[in-house]
Amino acid sequence: MEASLFIHEIFPSFQGEGILVGVPQVFVRLSGCNLRCSYCDTPESRERVEGCAVYGWEGERETLANPLGAAEVAGLVSSLWDAGMHSLSLTGGEPLLQAAGLEALLPAFKREGVPVYLETNGTLVDALDGVLPWLDHVAMDIKLPSSQGGEDLTERQRDFLARMPPGRVFLKMVIGVETGDGEAEVACRALGEPAIAETLVLQPATPREGSQAISSGRAHELYSIARRFFADVRVIPQAHRAWGVR
Ligand code: SF4
C-alpha cells in the first residue's frame, strides 16, 4: 500500500524565517505535533484535519481529502513549482511525526534536483535517520523550558543534533519576554559546542493581541549570551507575519 500523509496545506510563498528568509519555496505543512509550545503561531496544524487546502499564488485552488498519497503530494508540489523556486519546504506541525510518508515522498524530489528544506522541533530523534538522506537544509528550533511548561528537552535536542552532518543545519530559538538568561545559556552551551550548526537565529516572538514584544535591549542581552557559544548569531523576526502573508 502506498504511504500517505496528513497535510494541512500546500502553498507557494517566500520563506519568512531564518537564514533563508526571502527565498521562494513550495511549502507542505504537515498535520500533527508532539509539542505544545507557548508561542505556537500555527496551532491549527497541531491536529490532523480532514481536508488539505491547496493554494496558488493568488489564493485557494482546492481542498483535498486527507490522507494524501505520496505520489499525489509530489504532483501537487510539481504543479506549484517553477524555475525560480529555491526549494521544497516541509513544515508543520512536526513533519517528522510522518517520517514513513516522507521517506516515500522525498526520493522523487532528489531525482529531479529539487532541494528539500525541513523545519523541525528537533525532538524525534529516531524518526530522523530515514529522512536525513533526502534533506539539503534543516532549520531546527531550540525549545526552551519556558516555552514547554517547564519541561527540559535539551538532552533530546542534543541527541538529535548529534546525528546531523555539519553544514546542513542552522538553529533557531524563539525569544520573548519570558525567556530567561539561565535557560538560554544552558541550551546554547549544550547545542553550540558540537559545532555542527554554526548559525543560531534568535527569532523575537511575534506579539499576539495584548502581549508584549521583547525589547531590542533584551534581545541584545540574549544575543550576547548566545554569541559565546555560536560563531554566527543573528536576530531575525518573522517576515511573513509582518507582511501579513502565509
Ligand atoms: S513545535 Fe512548532 S507546531 Fe509544534 S507546538 Fe511548537 S511551534 Fe507549534
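How many nonpolar, polar and charged residues are in the shell around the ligand? By class, four are nonpolar, five polar and three charged. Here Ala, Val, Leu, Ile, Met, Phe, Trp, Tyr, Cys and Pro count as nonpolar, Asp, Glu, Lys and Arg as charged, and the others, Gly among them, as polar.

Before I go on, this is a predicted model: local features need pLDDT of at least 70, side-chain atom pairs count only at pLDDT 80 or more, and totals for chains, interfaces and linings use all residues. Residues are numbered from 1 along each chain as its sequence is written.

Back to the ligand. The residues around it include Cys33, Cys37 and Cys40, as well as Arg36, Arg46 and Glu94. A residue is taken as near a molecule if its C-beta atom, placed from the backbone, lies within 6 Å of it.

Next, the sheet. Ten strands form an open sheet with mixed pairing, in the order S5-S4-S2-S3-S7-S8-S9-S10-S11-S12. Strands are DSSP runs (E, at least two residues), as are helices (H or I, at least four), numbered from the N terminus. Two strands pair if DSSP finds at least two bridges between them. Strand S5 (59-65) and strand S12 (232-235) stand at the edges with a single partner strand each, so one side of each has no neighbour in the sheet. Ser89 has Tyr117 in S8 as its bridge partner.

Now His137, which sits in strand S9. Is it buried or exposed? His137 counts as buried, because it has 20 C-beta neighbours inside 10 Å. The cut-offs are 20 or more other C-beta atoms within 10 Å for buried, 12 or fewer for exposed, and partly exposed in between, with C-beta atoms placed from the backbone. Leaving out residues up to four places away in sequence, His137 touches Leu20, Ser87, Pro115, Tyr117 and Arg168. Contact means C-beta atoms, placed from the backbone, within 7 Å.

Last, helix H4 (residues 154-162). Its buried residues are Gln157, Phe160 and Leu161. Seen down the axis of H4, they fall within an arc of 95°, so they line one face of the helix. That arc is taken over the directions from the helix axis to the C-beta atoms. The buried residues of H4 pack against helix H3 (125-131), strand S9 (137-142) and helix H5 (181-192). On the face turned away from the buried side are the exposed residues Glu155 and Ala162.

Conventions
Two residues are in contact if their C-beta atoms, placed from the backbone, lie within 7 Å.
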